[in-house]
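Here is a short briefing to read alongside the model. Have the structure open and follow along topic by topic.

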Amino acid sequence: MAHNDHGDHHHDHGDIDWNEMAPLLEAEAELFTPLYEHALAWLAKRQTEPGLIADVGSGPGVVACLLADTFPGARIVAVDGSEGLLERAQARAERLGVADRFGTLAGELPDVLGDLDYPADLLWAGRSLHHLGDQRAALAAFADRLTHGGTLALQEGGLPDRFLPRDLGFGRPGLQARLDALEEEWFAAMRADLPDTVAETEDWPALLSAAGLRPSGTRTFLLDLPAPTTDRARAYIAASLSRTREGLGDRLDAEDRATLDRLLDPDDKASVHHRPDVFVLAAQTVYTAVRTK
């Protein structure tokens, strides 16, 4: 799924239970830590040490804590609509010894950003913007909470993740490409169901410019966990495909549904729990823009 929103599958498009998804969100972000570390190192090279960083749509705080590591002089505020996820973020900050410069802010995006004590020098929005109906208005609100010279880093797009070889040895080859197509339909329906939703051409630099910012760079970062992969990667693959089966399985034809069920059966040696050829290959894109006025 090009929007890279693993685990968002839910029967009610606009009604995602983020607290229920917390363990999967946390496990995914932990697995993707090497990708985030590369992205944040790239950001760090391109700007002066920020005083305040806001992680907008922070979820359980994995990236917010990585921001604290990358920018040891900064105060971090994790901003999210879910108090349960923010409690996890605060607990993580305490566990990792960064709680003295870590805070949380709960409320609906983007309006809650008005409650920041002062404007942010760096605002990180990691795959959160596409959950807001009016993305253009949200970007303008994000831009409004930046300092003069501050940076907005927007993580959107990239490529669909890959876990499976094209030919599994059973079923019809190309299952994952067909799952991607269903994910795209799901994503379009999720966007259509959001309150005050506005269709936009996903030209992120153009949208950042429209928000009054100066685009300053785009880069795509890779997560490459080749086969034979780790138990942690395998668990993520199984959890991700399970949610796909639960949310979208009834839209698959009978053969693909049977293939997916076999892939998810822990007692089957050909399942993702056992087979040696599963992997995680992911590419995610970060767009940066600077407030110059």
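A crossover is called right-handed if, with the strands pointing away from the viewer, the path from the first strand over the helix to the second runs clockwise. Helices (H or I, at least four residues) and strands (E, at least two) are DSSP runs, numbered from the N terminus. This is a predicted model, in which local features need pLDDT of at least 70 and side-chain atom pairs count only at pLDDT 80 or more, while totals for chains, interfaces and linings use all residues. Residues are numbered from 1 along each chain as its sequence is written, and side-chain values use heavy atoms, with hydrogens and water left out.

**Strands and crossovers**
- β2, helix α4 (residues 83-95) and β3 form a right-handed β-α-β unit.
- Strand β2 pairs with β3 (residues 102-106) in parallel through five bridges, where pairing requires at least two DSSP bridges between two strands.
- Within that pair, Val79 has Leu105 as its bridge partner in β3.
- On β1 (residues 52-56), five bridges again link the strand to β2 in the parallel sense, and Ala54 sits opposite Val77 in β2.
- From β1 the chain passes through helix α3 (residues 62-70) to β2, in a right-handed β-α-β crossover.
- Five of the six residues of β2 (residues 75-80) are buried, so this strand is largely enclosed by the rest of the structure; buried means under 20% relative accessible area, exposed over 50% and partly exposed in between (1.4 Å probe, protein chains only).

**Helix α8 and Arg234**
- Arg234 lies in helix α8 (residues 231-248), where other buried residues include Tyr236, Leu241 and Arg243.
- Among the elements covering the buried residues of α8 are α1 (18-31), α6 (175-193) and β8 (280-291).
- Although buried, Arg234 has no salt bridge, and the nearest side chain of opposite charge, Asp231, is 4.7 Å away.
- A salt bridge here is a side-chain nitrogen of Lys or Arg within 4 Å of a carboxyl oxygen of Asp or Glu; Lys and Arg count as positive, Asp and Glu as negative, and His and the chain ends are not counted.
- Beyond its neighbours within four places in sequence, Arg234 contacts residues including Thr229, His273 and Pro276, contact being heavy atoms within 4.5 Å.

**Backbone features in loops**
- Leu109 and Pro110 are joined by a cis peptide bond with omega about 0°, and Pro110 lies in the loop between β3 and β4 (120-126).
- Arg127, not a glycine, has a positive phi of about 55° and counts as buried at 12% relative accessibility.
- Asp196 also has a positive phi of about 55°, but counts as exposed at 67% relative accessibility.
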